[in-house]
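Here's a quick briefing to read with the model open beside you.

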Amino acid sequence: MTIYAEVIGDPIAQSKSPAIHNFWLAELGIPGRYDHHQVSVEALGDYLAQRRSDPQWRGCNVTMPHKLAIIPLLDRLDPLAERIGAVNTVVREADGTLTGYNTDAPGFLEPIQEEVDKIHLFRMARVLGTGGAARAIVAALADAKFVIVLAGRDPAKARAMLDELAPNGEHHAIGLGHFADPTDFAFDDREQCFDLIINASPLGMAGQPPLPFDFSHAPPRSVVYDIVTNPLDTDFLQTARAAGFETVDGLSMLIGQADSAFTRFFGAKPPRERDAALREILGS
């Protein structure tokens with residue numbers, strides 16, 4: 001029988017994860033498969049109960065809206081997932097118990113790690129969104145010594161998230177609408193600084209409203225990062241490039257977090273030297 005893993009969510013048909021994992025399985029000659037499976041919030045418990053008893057099922061990736069809801073249904077959490085309070089990878093252990101991991105945090109940092117490893121006079125990240133993915137991103141940024149400005153529809157929720165995940169440092173919580181209107185603030189040239197602007201929300205995704213962001217809020221030399229993968233080249237990224245900013249798309253984070261999940265599911269490191277070919281297949 002063939003071993004398999006899958007990605008769950010609601011909706012899920014648009015997920016690029018099956019293409020990524022199945023590409024790596026084929027490249028490595030591993031006789032396995034990776035599927036997508038739509039699971040509603042109401043059916044989440046039944047889904048896990050059924051999969052526990054299947055020794056061929058190695059686990060699943062977890063996307064919206066289950067990253068928080070799945071936690072009480074698991075047997076244990078990896079320390080990083082426990083700290084973040086969100087799970088995007090579930091692994092079935094040999095005894096049928098389920099362990100939750102968060103690979104979003106390292107996956108988010110992977111495409112900017114070279115810059116993160118440099119020495120800067122100052123680092124600031126403007127993070128838009130307060131959902132499960134944002135929790136991982138805020139934790140990763142706090143560990144990387146960024147000053148964080150977290151914008152959400154509910155500033156009180158943003159403040160609570162910062163207090164929980166980034167208790168050290170002077171971080172700021174504001175309403176998402178703050179970035180929608182132009183500003184005449186005069187930035188300096190930000191030499192030896194590292195500025196990030198991150199869409200960590202579903203805004204701009206197919207079927208969702210656009211992200212309200214005016215690029216007068218972006219300091220010079222900012223890197224603009226959008227975790228949305230459908231569409232991959234969002235209006236947010238297109239506008240950023242037109243304004244002269246470097247951009248990072250959601251596929252970069254998706255591949256980075258998939259790397260860690262693939263190793264846990266299938267016991268092998270993915271062939272990352274083939275990333276260019278993978279991106280071509282995915283249409284980036």
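**A histidine and a helix pair**

Apart from neighbours within four places in sequence, His120 is in contact (heavy atoms within 4.5 Å) with Glu115, Gln192, Cys193 and Phe194. Keep in mind that this is a predicted model, where local features need pLDDT of at least 70, side-chain atom pairs count only at pLDDT 80 or more, and totals for chains, interfaces and linings use all residues. Numbering starts from 1 along each chain as its sequence is written, and side-chain values use heavy atoms, leaving out hydrogens and water.

**Around His120**
- You'll find His120 in the loop between α5 (113-116) and β7 (122-128); helices (H or I, at least four residues) and strands (E, at least two) are DSSP runs numbered from the N terminus.
- His120 counts as buried because its relative accessibility is 17%, and the cut-off for buried is under 20% relative accessible area (1.4 Å probe, protein chains only).
- The His120 side chain makes a polar contact of 2.9 Å with the side chain of Glu115 and another of 3.0 Å with that of Arg123; such a contact is a pair of N or O atoms within 3.5 Å, and within protein one must be able to donate a hydrogen and the other to accept it, with residues adjacent in sequence counting only if both atoms are side-chain atoms.

**Where α6 meets α7**
- Helix α6 (residues 132-143) has Ala134, Arg135, Val138 and Ala142 meeting Met161, Leu162, Glu164 and Leu165 of α7.
- Those contact residues split into six nonpolar, no polar and two charged.

Notes. Buried means under 20% relative accessible area, exposed over 50%, partly exposed in between (1.4 Å probe, protein chains only). Ala, Val, Leu, Ile, Met, Phe, Trp, Tyr, Cys and Pro count as nonpolar, Asp, Glu, Lys and Arg as charged, and the others, Gly among them, as polar.
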